[in-house]
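This report describes one protein chain for a reader who is new to protein structure. Please keep the sequence and the model in view while reading.

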Amino acid sequence: MECLIGMQFDDFVMVAADQTNARSIMVMKSDQDKFCQLSDKLVMAVSGESGDTTQFAEFIARNIQLYKMRNGYELSPTAAANYTRRQLADYLRSRTPYQVNLLLAGFDEESGKPELYMMDYLASMIKTKYAAHGYGGFFTTALMDCHYRSNMTRQQAYNLMIECVKEVQKRLVINLPNFAVLVIDKEGVSRMDTINPTVIANAA
């Protein structure tokens, strides 16, 4: 029922996650933060079972911070993605697998380029230009196929993200009113305005 959307551009990565926490037929809250900041320029968006998402995200974040303290430098987005995938794969083969789907977005200081990785609960991973998790992905992938350009500005990317969220809210039977949006670039992680019905109405 959750939805994560990510897009990588020439200078930055933009990631959006719905803020709905629901169980069965009941919505618990509509302002949940589904992002976990792993380092200064690395963010993980997580969806799945409530307990698993919190525990796995904190486990990965703490181990990446431990690596930095031991070695004096941070993991690159590629290294962090492969480490995360390996942990997910190991737990998949244990008695306590994590039911989590991830989007990992970061900025690689060595290459000077942003990166986006998509990972599912079966520990399959791909580096991609744009991706979506959840039922919303059935509607947003076609929009990104049609309108995505790697040289978009931040405002153009935000407008495309609004169109994606608008389509999810229009077509999906489940109500996902609020989407938090983060941008990761060479300056670090910054938060953009939450996409809600008011923002969508003003953009129309």
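Predicted model: local features only at pLDDT ≥ 70, side-chain atom pairs only at ≥ 80, totals over all residues.

Through how many residues does a hairpin join β5 to β6? The hairpin that links β5 to β6 passes through two residues.

## The chain as a whole

The chain contains five helices and 12 strands. Its C-alpha atoms fill a box of roughly 50 × 40 × 25 Å, taken along the principal axes.

Of the 204 residues in the chain, 46% count as buried. The chain exposes about 10,600 Å², and carbon and sulfur atoms supply 48% of this area. The chain carries 21 positive and 23 negative charges, and the mean positions of these two groups are 3 Å apart. Among the contacts between residues at least 6 apart in sequence, 61% join residues at least 24 apart.

## Strand β6 and its two partners

Strand β6 covers residues 42-48, and six of its seven residues are buried. On one side of the pairing pattern is strand β5, residues 35-39, which runs antiparallel to β6 and is joined to it by four bridges. Within this pair, S39 stands opposite L42 of β6.

Strand β6 also pairs with strand β7, residues 100-108, in the antiparallel sense, and this pairing has seven bridges. Here L42 stands opposite G106 of β7.

## Strand β2, an enclosed strand

Is strand β2 largely enclosed or largely open, and why? Strand β2 spans residues 12-18, and because seven of its seven residues are buried, the rest of the structure largely encloses it. In a regular strand the side chains alternate between the two faces of the sheet. In β2, F12, M14, A16 and D18 point one way, while V13, V15 and A17 point the other way, and all of them are buried.

Two strands pair with β2. Strand β1, residues 4-8, runs antiparallel to β2 and is joined to it by five bridges. The two form a hairpin with three residues between them, and L4 has A17 of β2 as its bridge partner. Strand β11, residues 179-185, also pairs with β2 in the antiparallel sense, over seven bridges. In that pairing V13 stands opposite I184 of β11.

T84 lies in helix α2. It counts as buried because its relative accessibility is 0%, and the cut-off for burial is under 20%. Leaving aside neighbours within four places in sequence, T84 is in contact with M44, F56, I60, L102, L104 and M119.

Y98 lies in the loop between α2 (77-92) and β7. Its relative accessibility is 8%, so Y98 counts as buried. Not counting residues up to four places away in sequence, Y98 touches D52, Q55, F56, L88, Y91 and Y121. Y98 and L122 are 24 residues apart in sequence, and their C-alpha atoms are 9.0 Å apart in space.

## Two loop residues with positive phi

S24 is a residue other than glycine with a positive phi, near 60°. It lies in the loop between β3 (21-23) and β4 (26-29). Is S24 buried or exposed? S24 is exposed, because its relative accessible area is 64% and the cut-off for exposure is over 50%.

A123 is likewise a residue other than glycine with a positive phi, in this case near 70°. A123 is found in the loop between β8 (113-119) and β9 (125-127). At 4% relative accessibility, A123 counts as buried, whereas S24 is exposed.

Technical notes
Residues numbered from 1 in each chain as written. Heavy atoms only, no water. Buried < 20%, exposed > 50% of the residue type's maximum accessible area, 1.4 Å probe, protein only. Pairing = 2+ DSSP bridges. Contact = heavy atoms within 4.5 Å. Areas by Shrake-Rupley, 256 points an atom, 1.4 Å probe, with all protein chains shown as cover. Lys, Arg positive; Asp, Glu negative; His and termini not counted. Charge placed at Lys NZ, Arg CZ, Asp CG, Glu CD.
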